[in-house]
Amino acid sequence: MSESLVVCEVDEDLVKRLREFRFRKETNNAAIIMKIDMKRQLVVLDEEHEDISPDNLKDELPECQPRFLVYSYKYLHDDGRVSYPLCFIFSSPLGCKPEQQMMYAGSKNKLVHTVEVSKVFEVRNTEDLTEEWLREKLGFFR
């Protein structure tokens, strides 16, 4: 039942921007941070960042509010190969208002489907979002 729950729709402009981002040609790390406009019950663009490391990205996230991130990460494999996985990260820090957490949690599946991404991670403490954490998570997708 919860799989089909949709609390918020996704802003059409954001859908277009996510599609463009998905097919970007740049080889640097980049992120789109999204938030929910509570009044309109709509997932909207919050910020975009180019050439940003996971360690710097965590500094862009609010400590007491959830956010959705789509992150294009330059991943160097142990055998020398380079890939650019597109990651969806749900930041839901402890201490968020329960109604905010519910809206974000209820909107996550729709957004993941819209972005068409398979690497979906969740972080409960923004301090945990580090290069080491992301590499560990991506290690399962060799």
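Student: In this predicted model, which exposed residues does the face of α4 turned away from its buried side carry?
Tutor: The buried residues of α4, which spans residues 131-138, are Trp133, Leu134 and Leu138. Viewed down the helix axis, these fall within an arc of 125°, so they line one face of α4. The face turned away from that buried side carries the exposed residues Glu132 and Glu136.

Student: Against which elements do the buried residues of α4 pack?
Tutor: The residues concerned are Trp133, Leu134 and Leu138. An α-helix has 3.6 residues a turn, so residues three or four places apart point the same way. The buried residues of α4 pack against α2, β4, β5 (75-76), β7 and β8.

Student: What is the strand order of the open sheet of six strands?
Tutor: The edge strands are β1 (9-10) and β8 (119-123), each of which pairs on one side only. β1 runs parallel to β3 (residues 42-50) and is joined to that strand by two bridges. β2 and β4 run antiparallel with five bridges, and β4 and β7 are antiparallel too, over six bridges. The pairing in the sheet is mixed, and the order is β1-β3-β2-β4-β7-β8.

Student: Which residue is the bridge partner of Ile32 in β4?
Tutor: β2 and β4 are antiparallel neighbours joined by five bridges. The bridge partner of Ile32 in β4 is Val70.

Student: Which residue in β7 stands opposite Ser72?
Tutor: β4 pairs with β7 in the antiparallel sense, over six bridges. Ser72 belongs to a side of β4 that also holds Phe68 and Val70. The residue opposite Ser72 in β7 is Leu86.

Student: At what angle to β2 does helix α1 run?
Tutor: Helix α1 covers residues 12-22 and lies across β1, β2 (30-37), β3, β4 (67-72) and β7 (86-91). The angle of α1 to β2 is about 165°.

Student: Which element gives the most residues to the largest nonpolar core?
Tutor: The largest nonpolar core has 22 residues, and Leu18, Met34, Val43, Phe68, Val70, Phe88 and Leu111 touch the most other members. Two or more residues come from each of α1, β2, β4, β7 and α3. With five residues, the element that gives the most is α3.

Student: How many residues are in the other core, the one with Ala31 and Trp133?
Tutor: That core lies apart from the largest one, and its members include Ala31, Ile52, Cys87 and Trp133. Of these, Cys87 is buried with a relative accessible area of 0%. The number of residues in the core is 17.

Student: How far from the sulfur of Cys96 is the nearest cysteine sulfur?
Tutor: Cys96 lies in the loop between β7 and α3 and is buried, at 8% relative accessible area. Among the residues that Cys96 touches are Cys64, Gln65 and Pro66. A disulfide needs sulfur atoms within 2.5 Å, and the structure holds zero disulfides. Cys96 is in none, and the nearest cysteine sulfur, that of Cys64, is away by 6.7 Å.

Student: Is Gln100 buried or exposed?
Tutor: Gln100 lies in helix α3. Residues touched by Gln100, beyond those up to four places away in sequence, are Met38, Cys64, Gln65 and Pro66. Buried means under 20% relative accessible area, so at 12% Gln100 counts as buried.

Student: What is the phi of Glu116?
Tutor: Glu116 is in the loop between α3 (98-115) and β8, and at 55% relative accessibility the residue counts as exposed. Glu116 is not a glycine, yet its phi is positive, at about 60°.

Student: What is the phi of Asp51?
Tutor: Asp51 is found in the loop between β3 and α2 (54-58). The residue is exposed, with a relative accessible area of 63%. Asp51 is another residue than glycine with a positive phi, near 55°.

Definitions and conventions
Residues are numbered from 1 along each chain as its sequence is written. This is a predicted model: local features need pLDDT of at least 70, side-chain atom pairs count only at pLDDT 80 or more; totals for chains, interfaces and linings use all residues. Side-chain values use heavy atoms; hydrogens and water are left out. Two strands pair if DSSP finds at least two bridges between them. Helices (H or I, at least four residues) and strands (E, at least two) are DSSP runs, numbered from the N terminus. Contact means heavy atoms within 4.5 Å. Axes are lines fitted to C-alpha atoms, for helices over the stretch in contact, and angles run from 0 to 180 degrees between N-to-C directions. Buried means under 20% relative accessible area, exposed over 50%, partly exposed in between (1.4 Å probe, protein chains only). A nonpolar core is a set of buried Ala, Val, Leu, Ile, Met, Phe, Trp, Tyr and Cys residues joined through side-chain atoms within 4.5 Å. The arc is that of the directions from the helix axis to the C-beta atoms.
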